[in-house]
Amino acid sequence: MLRPILARALPLSLLITMWAVESAPQTRELKNPVEGQQKAIEQGEYVYKSRCSECHGLDARGYRAPDLTTGQFSNGTGDGQLYRLITRGLPTTEMPGINMNEDEVWALISYLRTVVVPGTNANARGNAQTGAAIYSGKAGCAGCHMVNGKGGRLGPDLSRIGVARSRMALAREIRSASEYIAQGYEPVTVATRDGRQIKGVRKNEDTFSIQIMDTNEQLSTFLKKDVREVIDEKKSLMPDYGPDKLTEAELDDLLTYLGTLHGR
Amino acid sequence: MRLRFGRGMSIGAFIGMFIWSGLAVGQEISSQQLLDGLKNPSRWLTYSGDYTGQRHSPLTQITPSNVAQLGVQWAFQTGAVGKFEAVPIVIDGILYITTPGNRAWAIDARTGRRIWSYQKELPDRPGSQVNRGFAVLGNKLYMATLDSHLVALDMKTGNVVWDSIIDDYKRGYYATVAPLIVKNKVIVGIGGADRGTRGFIDAFDAETGKRSWRFWTVPEAGAPGSETWSGNSWEHGGGSTWLTGTYDPELNLLYWGTGNPGPDLLGDVRKGDNLYTASVVAVDPDTGKLRWHYQFTPHDTHDWDAVQIPVLADINAGGSRRKVLMMANRNGFFYTLDRTNGKLIVAKPFIQTSWAKEIGPDGRPIELPNNTPTEKGTVTCPDVTGGTNWNSPAFNPATGLFYVTARETCATYYAWNQEFIEDRNYFGGAGRNTGRGYGAVRAIDPLTGQIKWESKQFTPSMSGLLTTASGLVFGGDEEGNIVAYDARTGKILWNFQTGAPIFAAPTTVMAGTKQLVFIGSGTTVFAFGLPGN
């Protein structure tokens, strides 16, 4: 009896599965049902301020995360693509999937359409090819940062930095590297009870142990009972690249190059 | 070959009989046994262990001198993802525990083997997934659910006996609280202030599931206290009641903390003190009538719910025995009140605060300027999560110390105008932390508010605490450690890395001849005990 029951049940289950996939708002190309509606824009502005502005800035120009006034988004500009991006997040960046009601997501998208400033493209100010040469040459970025599997490990992987950071944030982080240090890269010095001092970046820490990558890229764990002091360093291991190290034009080239890094 | 059962005998009943041979399954719990609290060493019968909320166990098998030998006895994987904040009810060898997503299990306390499981069917909607645990009376377990229901389960099978609606979840209400049984009533609180609901405490008949009374934490227009709300702001006034209260049978008073006013950070639209939000209310459990209240944060604009456990104790103060209520509040101050009348005895900060200079002799805070959230932001300490939160404190009568997992944080607070939309966030702003901060388990003298010892934590944590008559404090941290401290000195005596931040509070009972300590962490329930026994 099992076979005929299965034979009848399978097409039905397949249909249900297909319907579920088809009807999932994240997977079909959707149209914003409240596009341009003033009430939705106001609701969306509040949602934006409370859920998005910490990283994208109250003015949406990208405090740390990308500038949203360009109208360009990493996975496309369609309503469905934006819906998916907001609710699922962007892996390998700090953009999380946000748990919201559907109407709040659409309201947010309605608002985002209003913040776009036409013709915003700061990347026109630099040359990516020159920037790539500065990256691996004069600035020495590759010593500590990896792009597509090549480079150092002490700093964050930059393979997708072009969709993870606004140009303004990158400029700020290059000029004054200690202003913001991402979790996992905070500089520390571990002073052990036997007199050693090891500099590195903190990967993790609790009351009982600390895990670091030292400046030779060695991963080490120290038990707190063997540690005299963990010193939280104020200066990032990344140097500040002031105008004496990178001119404005060179910085523009470098930023334009970094803006091309969208991952593989 | 098939096993055949006699007519009318379910598989569940058969399994029940089988287990009965090894365990005393499903003992009925009387009101008197709830009053007896932790006297029976094999039982933990309420969220806080007993009506006082002290989380002080009389057990002494695990001591400061042997706690270093504590090891995992078993681990139970629930698979339920979310913040595991629940505390188990334990009765004679069986744990009854709830998890995120309103799932629940009965587990053999000695082996960690499942006896039954339950899952509430819930509407598909975003929001909190938390549940904090069962209450028990007779042969029923009571769970408040995310769709704002109260369900009674049969203790032996997990079958639903009755299912009552607390309120309409489509209006933004949801329930995460572990109910409290007082006499024949199931007392429940509610969540939803951040969605502009109006808070209350409800009492249901434990046998029938019918509502006995409701106490509104935000009075309606014309009722006493309504003068502390401008216009119609009371309609969305918040005042949630999402942590379990405590009860004094002698005074016949129920003590329950209330949450923030709504909208959380936008105070201009609700001018006034906003009673009875951010308060503790003393309510007659028979009628639901208010006897007294004490408001910790009048006109709160920082989301500082005062739902923390109101811990009850009788202590010597100024030469006389005082019936006190102690609360380490989310606003950063520790309070000792006279629980007969709500009058302030002591109030001192237990973390670094920047919003109030002190609490005046009249019980009102003397506030400092420039702490009101604005469009551009103002920096205030502590952060939105507060100096403490849902994490249960503990009080040890032998040391006379009140223990709390404290959080040292600051945040930039923003207030933005916002139109009320039913069942949507009604926060009126945002709080953004200014740094990582740090945490500490602190021991406070409730007579002076002075901190007697502290044990620092790398990041601010939200683990509850437990004390024992043998002189231990158990707690946890954000990094996943469960930790045992010396209750007198704070010295760390033992720790175990569970692998996920600890949001629950430890519990301890005797399972047979062995004292076990339980903690929920990640998706797992751990049981710890000494070797042997």
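Two strands are taken to pair if DSSP finds at least two bridges between them. Helices (H or I, at least four residues) and strands (E, at least two) are DSSP runs, numbered from the N terminus. The model is predicted: local features need pLDDT of at least 70, side-chain atom pairs count only at pLDDT 80 or more, and totals for chains, interfaces and linings use all residues. Residues are numbered from 1 along each chain as its sequence is written, while chains are lettered from A and ligands numbered from 1 in the order in which they are written.

Chain A is divided into domain 1 (24-114), domain 2 (123-177 + 239-259) and domain 3 (186-232). These bounds come from an automatic or database domain assignment. The C-alpha centres of domain 1 and domain 2 of chain A lie 27 Å apart. To their contact, domain 1 of chain A gives 12 residues and domain 2 of chain A gives eight. Residues count as in contact if their C-beta atoms, placed from the backbone, lie within 7 Å. The side of domain 1 of chain A that touches domain 2 of chain A has four nonpolar, four polar and four charged residues. Here Ala, Val, Leu, Ile, Met, Phe, Trp, Tyr, Cys and Pro count as nonpolar, Asp, Glu, Lys and Arg as charged, and the others, Gly among them, as polar.

Two hairpins in chain A share strand S5. Strand S4 (residues 197-205) of chain A runs antiparallel to strand S5 (residues 209-214) of chain A, and five bridges join them. Arg202(A) has Ile212(A) in S5(A) as its bridge partner. Three residues link S4(A) to S5(A) in a hairpin. S5(A) also pairs with strand S6 (residues 219-223) of chain A, again over five bridges and in the antiparallel sense. Gln211(A) stands opposite Thr221(A) in S6(A). Four residues lie between the strands in the hairpin of S5(A) and S6(A), where Glu217(A) takes a positive phi near 65°.

Helix H9 (residues 248-259) of chain A has 12 residues, which at 1.5 Å a residue should span 16 Å; the end C-alpha atoms are 16 Å apart, in agreement. The expected span is 1.5 Å times one less than the number of residues. H9(A) is mostly covered, with nine of its 12 residues buried. A residue is buried if 20 or more other C-beta atoms lie within 10 Å of its own, exposed if 12 or fewer, and partly exposed in between. Among the buried residues of H9(A) are Leu251(A), Leu254(A), Leu255(A) and Tyr257(A). Their cover includes helix H6 (128-136), helix H7 (161-164) and helix H8 (167-175) of chain A.

Gly71(A) sits in the loop between helix H3 (53-56) and helix H4 (79-88) of chain A. Gly71(A) is partly exposed because 15 other C-beta atoms lie within 10 Å. Leaving aside neighbours within four places in sequence, Gly71(A) is in contact with Thr77(A) and Val116(A). The C-alpha atoms of Gly71(A) and Gly119(A) are separated by 9.4 Å, although the two residues are 48 residues apart along the chain.

Chain B holds an open sheet of four strands in the order S20-S21-S22-S23, with antiparallel pairing. Its edge strands are S20 (311-317) and S23 (343-349) of chain B, each pairing on one side only. Strand S22 (residues 333-338) of chain B pairs with S23(B) over six bridges. Leu337(B) has Leu344(B) in S23(B) as its bridge partner.

Key. Contact = placed C-beta atoms within 7 Å.
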